[in-house]
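Colleague: I would like to go through the helix packing and then the pockets. Could you take me through them?
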Amino acid sequence: MNATNTTELMHTLGQQAKAASALMAKASAATKQRALLGLAALLRANGDALQLDNAKDLERARAAGLAEPMVDRLKLTPKVIETCALGCEQLAAMPEIIGDITGLKQMPSGIRVGQMRVPIGVFGMIYESRPNVTIEAASLSIKSGNAAILRGGSEAIESNRALAALVQRALTDAGLPADAVQLVPTTDRAAVGLLITLPQYVDVIIPRGGKGLIERISAEAKVPVIKHLDGNCHTYVDDPCDIAMAVTVADNAKTQKYSPCNATESLLVARAVAPGFLPKIGAIYAAKGVEMRCCAESKAILAAVPGAVLKDATEADWSEEYLAPVISIKLVEGVDEAIAHINHYSSHHTDAILTTDHMHAQRFLREVDSASVMVNASTRFADGFEFGLGAEIGISTDKFHARGPVGVEGLTSLKYVVLGEGEVRG
């Protein structure tokens, strides 16, 4: 597709999205619910066909030499499809928030002032690899009364086209405009550059992918961006803690899946519990082939673990997002040093403390400056579906508007409403 055609395409998509957003903003809760439940049913009914389309993407990715963790992100397994369907149903069952008026106050002048929850309008979503993001973005767009322009990665084009076709079918079956969710049909990279510079059509851009993509979008966009750059997540094993629980959680946080942004990349351990904890978690990591990049103290303790792959940690390791079977390990004196280390090296995504000390837990919650902060739970729970949001459009490490997993509320705005009975200002 040449530059002229790509420009025309993106302007057309923008115009269609803008028109559709007006219809979505006034759609009833029942209509949106019908579309979401219809989409869930279509996903389940078309599982086999979706996997055939997905197989084309997987074959092409492997032929191109894509790393296995990245290939893993591409997979549309029956479990992934079912999770997408459940997310649609969870969203459908959630209360309608569009049009809600909150904080209504009577003023001395006689007027009443409050705020109404309204859709943002049109959001552009730029994402890599995971085709399930197409459904998460579409379902959240429907529930929040927005229109969306989706630009998935070229490596998942067949899967994304098949999923987007089901979304548009669900929309039209429910009496909503098909253009409320549009997939950019071209893999031309110029389409991304255009999408992020169309403020006349697009109200916010949400990039979801590698650090390089997000840095580029943030630098070049002429539209507000909701983003997180990377996920250097920490699990801190405190003194005191339940060692058995800490081993279970630290294992899950790292090895349940290596590729997501909420997997733990750095393990901090209080010195007092390290002799009891490290050999146990080290044995599990060794059995699963996880490379451990250690400070000198932790390496000395782990050296006795059979089969452990140990390397000396460098300064860069404390900031690294591996997305692979690699974890950095550092001993700290206690909760003070853990909090200081996390706030210095963390990407402010998700950090957890494993402790039996209530005061330590409360301090960690208050003082760790991250979008999600956890006590005695795996960082892998930092997810819109697990948080009860139905789905997530992404994780935001920004501090304005939306922070953490961005669900329906993160795709809305507030406007002031004033109710009067003929009052005039004196």
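Colleague: How are α2 and α6 oriented to each other?
Modeller: In this predicted model, the axes of α2 (residues 29-45) and α6 (residues 132-144) cross at roughly 160° and come within 9 Å. Angles over 145 degrees count as roughly antiparallel, and α2 and α6 are therefore roughly antiparallel to each other.

Colleague: Which residues of α2 and α6 meet?
Modeller: From α2, Lys32, Ala35, Leu36, Leu39 and Leu43 meet Ile135, Ser139, Ile142 and Lys143 of α6. The residues of this contact comprise 6 nonpolar, 1 polar and 2 charged.

Colleague: And α5, at what angle does α2 pack with it?
Modeller: The angle between α2 and α5 (residues 78-93) is about 165°, and their axes are 8 Å apart. The two helices, α2 and α5, are therefore roughly antiparallel, and α2 passes α5 in a left-handed crossing.

Colleague: Which residues are in contact there?
Modeller: On the α2 side they include Leu36, Leu39 and Leu43, and on the α5 side they include Ile81, Leu86 and Leu91. The contact of α2 with α5 divides into 12 nonpolar, 1 polar and 3 charged residues.

Colleague: Turning to pockets, what is the volume of the largest pocket?
Modeller: About 1200 Å³. Its lining has 45 residues, with Arg130, Lys257, Pro260, Arg380 and Asp383 nearest the centre.

Colleague: Which element gives the most to that lining?
Modeller: Helix α5 does, with 6 residues. The lining of the largest pocket as a whole has 15 nonpolar, 14 polar and 16 charged residues.

Colleague: How much space lies in the second largest pocket?
Modeller: The second largest pocket holds about 260 Å³. Among its 15 lining residues, Glu128, Arg151, Gly153, Arg189 and Leu213 are the closest to its centre.

Terms used: Residues are numbered from 1 along each chain as its sequence is written. This is a predicted model: local features need pLDDT of at least 70, side-chain atom pairs count only at pLDDT 80 or more; totals for chains, interfaces and linings use all residues. Side-chain values use heavy atoms; hydrogens and water are left out. Axes are lines fitted to C-alpha atoms, for helices over the stretch in contact, and angles run from 0 to 180 degrees between N-to-C directions. Helices (H or I, at least four residues) and strands (E, at least two) are DSSP runs, numbered from the N terminus. Angles under 35 degrees count as roughly parallel, over 145 as roughly antiparallel, 65 to 115 as roughly perpendicular and the rest as oblique. Contact means heavy atoms within 4.5 Å. Ala, Val, Leu, Ile, Met, Phe, Trp, Tyr, Cys and Pro count as nonpolar, Asp, Glu, Lys and Arg as charged, and the others, Gly among them, as polar. A crossing is left-handed if the near helix is turned anticlockwise from the far one by less than a right angle, and right-handed if clockwise. On a 1 Å grid over the protein atoms alone, a cavity is a set of points where a 1.4 Å probe fits but cannot get out, and a pocket is an open set with protein on both sides within 12 Å along at least five of seven lines; lining residues have an atom within 4 Å of a point. Grid points are joined across faces, edges and corners, and a volume is the space filled by probe spheres set on the points.
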